[in-house]
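Me: I'm learning how structural words get attached to a protein model. Could you go through some of them with me?

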Amino acid sequence: MTIQWFPGHMTRAKRQLEEQMKQTDVIIELRDARAVMSSTNPLLYTLSKDKPRIIVLNKADLADPEITKQWLQYFKTEGHFAIAVDVLKDNVREQIVRQIRAVMQPIHERQKKRGIRPRASRALVVGIPNVGKSTLINRLAQKKATTTANKPGLTRALKLIKVDKEIELVDSPGMLWPRFEDEGVGINLALIGAINEEILPHESLVRIAYERIETLSELLKTEANTYAELITNYGLRNNFKLNGEIDIERSMMDIIRKLRNGKLLRISWEKPDDYV
Ligand code: G4P
């Protein structure tokens with residue numbers, strides 16, 4: 001599910017996130033492994049102040065494994081704890097629970113010294129739309145998958161789910177709004193399917209993919225020497241027709257869908273080298 005964002009949505013999402021933050025001890029920040037920087041918003045750190053944070057690079061099954069390794073090294077060097085997972089398949093619960101304990105331990109020690117008995121740690125899963133927040137919450141809470149949509153601006157009472165004796169999870173995920181002011185971020189988010197493509201025409205997306213992926217025509221099993229030939233020949237090969245003509249729009253949409261679903265290749269649109 002993708003959401004069309006308007007300034008009002010962002011203001012409401014921010015307010016809601018501030019409320020959720022007040023009641024949590026540790027942030028589980030989900031990012032998309034294919035666009036690690038574009039799928040975050042630095043405002044999260046302003047809002048969460050110095051709360052401990054666990055970075056989860058999700059959808060690692062769709063990303064280039066070599067680049068994911070580089071990202072993990074990047075976060076290690078920066079002194080952050082990060083893991084890369086496929087939330088649909090991996091056993092993330094154990095890894096995250098272990099890490100929540102580790103980051104909360106010094107805080108609990110300080111509380112004990114002051115004579116305070118620590119309560120269960122409260123964790124909040126935060127991320128941009130479609131990054132896998134609901135899926136992760138279900139995994140951590142060991143619930144059956146639900147299809148609840150989380151719309152920005154929807155205020156719900158804070159419900160807590162027990163993860164184990166020492167950890168609770170905020171039931172509804174923290175919604176992070178994308179940074180549209182940066183065109184590059186918008187492109188990456190559209191390429192991974194985190195925002196509506198209306199923001200960028202399909203044509204621009206496929207053209208960018210064509211420029212960045214040398215082997216695109218090979219992967220699409222379509223002979224082409226130019227971008228225009230690729231779209232036309234792909235439509236022809238798949239018999240995408242509209243009123244007797246090749247349906248160019250359908251060709252482009254189909255290529256975008258395949259790229260997003262990892263049907264053609266595992267690709268990362270950003271690498272740490274771009275940020276040094
Ligand atoms: P959200 O709460 O952050 O909005 O995300 P949600 O959990 O609903 O997940 C969004 C989509 O991403 C879901 O697909 C989900 O199955 C998929 N997904 C979550 N984690 C992973 C992962 O690690 N790897 C892969 N490959 N997919 C993952 P969906 O139900 O088909 O929804 P949609 O994409 O059609 O909207």
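This is a predicted model: local features need pLDDT of at least 70, side-chain atom pairs count only at pLDDT 80 or more; totals for chains, interfaces and linings use all residues.

Me: How do you know whether F75 is buried or exposed?

Reply: Use the cut-off of 20% again. F75 has a relative accessible area of 3%, which is under that limit, so F75 is buried.

Me: What makes the rings of Y74 and F75 a pair, and what kind of pair is it?

Reply: A pair of aromatic rings is described by two things, the distance of the centres and the angle of the planes. The structure holds 5 aromatic pairs. In the case of Y74 and F75, the ring centres are 5.2 Å apart, and the limit for a pair is 6.5 Å, so the two rings pair. Their planes stand at 85 degrees, and over 60 counts as edge-to-face, so that is the name this pair gets. Y74 and F75 also belong to one aromatic cluster with W71.

Me: Let's turn to helix α7. Which of its residues are buried, and why are they said to line one face?

Reply: Helix α7 covers residues 202–212, and its buried residues are H202, L205, V206, I208 and A209. Seen down the axis of α7, these buried residues fall within an arc of 155 degrees, so they line one face of the helix.

Me: What do the buried residues of α7 pack against?

Reply: Their partners are four helices: α6 (183–192), α8 (216–219), α9 (227–237) and α10 (248–260).

Me: What makes α9 roughly perpendicular to α10?

Reply: These two helices pack at an angle of about 95 degrees, with their axes 8 Å apart. That angle falls between 65 and 115 degrees, so α9 is roughly perpendicular to α10. Here Y227, I231, T232, Y234 and G235 in α9 meet I248, S251, M252, D254, I255 and K258 in α10. The contact of α9 with α10 has 6 nonpolar, 3 polar and 2 charged residues.

Me: Where is D247 found, and why does it count as buried?

Reply: D247 sits in the loop between β9 (245–246) and α10. Its relative accessibility is 15%, which is under 20%, so D247 counts as buried. Not counting residues up to four places away in sequence, D247 touches F240, K241 and L242. The C-alpha atoms of D247 and L236 are separated by 8.6 Å, and these residues are 11 apart along the chain.

Me: How do you know that G132 is buried?

Reply: G132 has 13% relative accessibility, under the limit of 20%, so G132 counts as buried. G132 lies in the loop between β4 (121–127) and α5 (133–141). Leaving aside neighbours within four places in sequence, G132 is in contact with L30 and N58. N58 is 74 residues away from G132 along the chain, and their C-alpha atoms are separated by 7.1 Å.

Methods
Residues are numbered from 1 along each chain as its sequence is written. Side-chain values use heavy atoms; hydrogens and water are left out. Rings of Phe, Tyr and Trp (its six-membered ring) pair if their centres lie within 6.5 Å; planes under 30 degrees apart count as stacked, over 60 as edge-to-face and the rest as tilted. Buried means under 20% relative accessible area, exposed over 50%, partly exposed in between (1.4 Å probe, protein chains only). The arc is that of the directions from the helix axis to the C-beta atoms. Contact means heavy atoms within 4.5 Å. Axes are lines fitted to C-alpha atoms, for helices over the stretch in contact, and angles run from 0 to 180 degrees between N-to-C directions. Angles under 35 degrees count as roughly parallel, over 145 as roughly antiparallel, 65 to 115 as roughly perpendicular and the rest as oblique. Ala, Val, Leu, Ile, Met, Phe, Trp, Tyr, Cys and Pro count as nonpolar, Asp, Glu, Lys and Arg as charged, and the others, Gly among them, as polar.
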